Amino acid sequence: PAVRAIAYKEDQILFTIVSRRMLMHHGFMARVFDIFDRFRVPVDMIATSEVSVSLTINQPDVIEDLVRELSHFSEVTVQKHHAIVCVVGSKIRDTHGIAGIVFDTLRR
């Protein structure tokens with residue numbers, strides 16, 4: 001009863017961008033997002049650490065341009081054909097085992 005809906009987006013492209021410099025490298029994220037802005041690519045999901053960022057887009061026509069620009073200062077990997085899944089509900093965080101149920105359902 002905690003889950004009210006599941007939404008998803010297909011054909012997502014996952015970029016993982018890792019700085020060639022290690023910790024305390026000022027401006028890494030700004031440089032990354034400046035490139036996406038220059039190519040007018042909206043970013044959907046983002047996960048970050050101090051030296052890396054993973055994000056999704058859905059514009060396959062700019063992959064090569066983005067990789068070329070990002071590769072000047074980072075290691076870039078691209079994975080195609082991913083999906084974003086969003087589980088919507090009430091008190092999901094407090095419902096024990098809900099993540100396992102959702103992932104098991106998706107697996108099947």
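Glu69 is found in helix H2, where helices (H or I, at least four residues) and strands (E, at least two) are DSSP runs numbered from the N terminus. The structure is a predicted model, so to speak: local features need pLDDT of at least 70, side-chain atom pairs count only at pLDDT 80 or more, and totals for chains, interfaces and linings use all residues. Residues are numbered from 1 along each chain as its sequence is written, and side-chain values use heavy atoms, with hydrogens and water left out.

Back to Glu69: with a relative accessibility of 19%, Glu69 counts as buried, given that buried means under 20% relative accessible area, exposed over 50%, and partly exposed in between (1.4 Å probe, protein chains only). Setting aside residues up to four places away in sequence, Glu69 touches Ile35, Arg38 and Phe39; contact here means heavy atoms within 4.5 Å.

Next comes the inside of the model. The largest nonpolar core holds 17 residues, and Phe15, Ile17, Val32, Phe36, Ile57, Leu66 and Leu70 have the most contacts inside it. Such a core is a set of buried Ala, Val, Leu, Ile, Met, Phe, Trp, Tyr and Cys residues joined through side-chain atoms within 4.5 Å. Two or more residues each come from S1, helix H1 (28-38), strand S3 (52-57) and helix H2 (63-70), with H1 giving the largest share, four residues. Val32 is in contact with Ile17, Val53, Leu70 and Phe73, leaving aside its neighbours within four places in sequence.

As for the strands, S1 and S4 run antiparallel and are joined by 13 bridges; two strands pair if DSSP finds at least two bridges between them. Phe15 stands opposite Val78 in S4. S1 also runs antiparallel to S3, with six bridges, and the bridge partner of Ile13 in S3 is Ile57.

Val85 sits in strand S4 (residues 74-89) and is partly exposed, at 39% relative accessible area.
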